[in-house]
Amino acid sequence: MLAGCATASVPVAVEAPTVAATAETDPVDTAADAADDPAIWRNAADPAKSLVIGTDKKAGIHVYSLTGKRLSFTPAARLNNVDLRDVGTRVIAAASDRADIATAHVSLFTLDTAAAKLVPIGRFPVGPGEAYGMCLWTRARDHALFGFVVLKDGRIDQVAIDLSGAAPKVTTVRSMKLGTQSEGCVVDDRTGQLYVAEEDVGLWRFDAEPSASVTATPIAKVDGKTLVADAEGLALAPSGRNGGYLVVSSQGDNAYTLYRLPGVTYAGRFRIGGGAIDGTSDTDGIELMLGNFGPAYPQGLFVAQDGDNAPATQNFKYLSWASVKQALKLR
């Protein structure tokens with residue numbers, strides 16, 4: 001080393017306990033980078049018949065059982081992220097549609113929960129650019145449904161989704177902007193807070209109300225220790241009026257980071273592996289839903305995309321939320 005030269009300090013990621021997967025889905029049919037983002041529908045009447053949705057961004061969208069068996073497949077070109085909401089009379093799924101890279105679209109589906117199949121109900125333009133992330137928000141005061149489409153360049157378009165007529169209407173009502181490539185997002189229906197991951201920078205928060213400010217609030221940095229680029233999928237574990245956890249895919253070191261709400265303070269991190277089912281790496285999308293999903297998932301179900309499921313193609317892994325809480329000693 002030359003005199004007077006200092007060695008640059010390289011961040012070291014915080015150690016993370018390993019939690020074993022309980023089940024995994026059938027692999028997607030297309031090779032390389034294909035599986036992307038999951039969503040969960042909980043069958044309150046019969047938790048064992050709950051369903052998991054997962055996108056194959058080269059071919060379409062799958063519906064899986066709680067054992068991971070593929071129950072149906074709906075072809076669609078270049079769907080990326082997916083989210084769903086029970087709107088009372090039916091379950092609606094919305095996916096970011098990248099088939100036209102010049103114009104972002106939202107594809108809408110009805111989830112036929114009895115047949116375990118997604119039925120397309122329309123594809124709608126949002127604005128210029130390539131659609132990446134997608135999340136939904138049900139506004140508490142009037143149950144109005146909104147979507148947030150995160151474009152590859154960091155723009156976020158908010159759309160109002162009107163399902164009252166014979167055909168859905170999707171109208172862009174607001175746009176926000178982050179500085180660089182972004183994708184993962186999630187909205188807390190309790191508080192009306194939108195969380196977005198800017199991949200190489202960190203996490204941001206917006207007020208989800210269409211009339212609110214378009215200025216983002218920074219809440220967590222990609223620091224190479226607790227959160228390692230890329231910051232990818234986001235999920236929520238709500239508790240009470242505004243508590244619980246925000247979970248983030250720390251893709252750069254194959255981990256998952258938790259932040260305690262409402263203050264978004266670091267609460268721990270974990271990895272998936274160590275059991276009979278292989279672990280995960282390079283995770284894009286994640287999803288988490290609390291509640292009873294049967295004996296294997298008594299407190300909730302966590303689903304993560306697996307970027308390397310060799311020798312098979314990519315798939316999704318299932319974890320018990322109770323096991324995550326136990327590993328991190330969370331209440």
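Author: In strand β25, the bridge partner of L301 is S320. This is a predicted model, in which local features need pLDDT of at least 70, side-chain atom pairs count only at pLDDT 80 or more, and totals for chains, interfaces and linings use all residues. Residues are numbered from 1 along each chain as its sequence is written, and side-chain values use heavy atoms, with hydrogens and water left out.

Reader: When do two strands pair, and how many bridges join β24 to β25?

Author: Strands are DSSP runs (E, at least two residues), numbered from the N terminus, and two of them pair if DSSP finds at least two bridges between them. Here β24 and β25 (residues 315–320) run antiparallel and are joined by 6 bridges, while 5 bridges join β24, also antiparallel, to β23 (residues 286–290), where L288 stands opposite F302.

Reader: Is β24 mostly covered or uncovered?

Author: Buried means under 20% relative accessible area, exposed over 50%, and partly exposed in between, with a 1.4 Å probe and protein chains only. In β24 (residues 300–306), 7 of the 7 residues are buried: G300, F302, A304 and D306 point one way, and L301, V303 and Q305 point the other way.

Reader: Which strands stand at the edges of the open sheet?

Author: The open sheet has 4 strands in the order β15-β16-β17-β18, with antiparallel pairing. Its edges are β15 (182–188) and β18 (217–221), and each has a single partner strand, so one side of each is left without a neighbour in the sheet. Within this sheet, β16 (residues 193–198) and β17 (residues 202–207) pair over 6 bridges, and E198 stands opposite G202.
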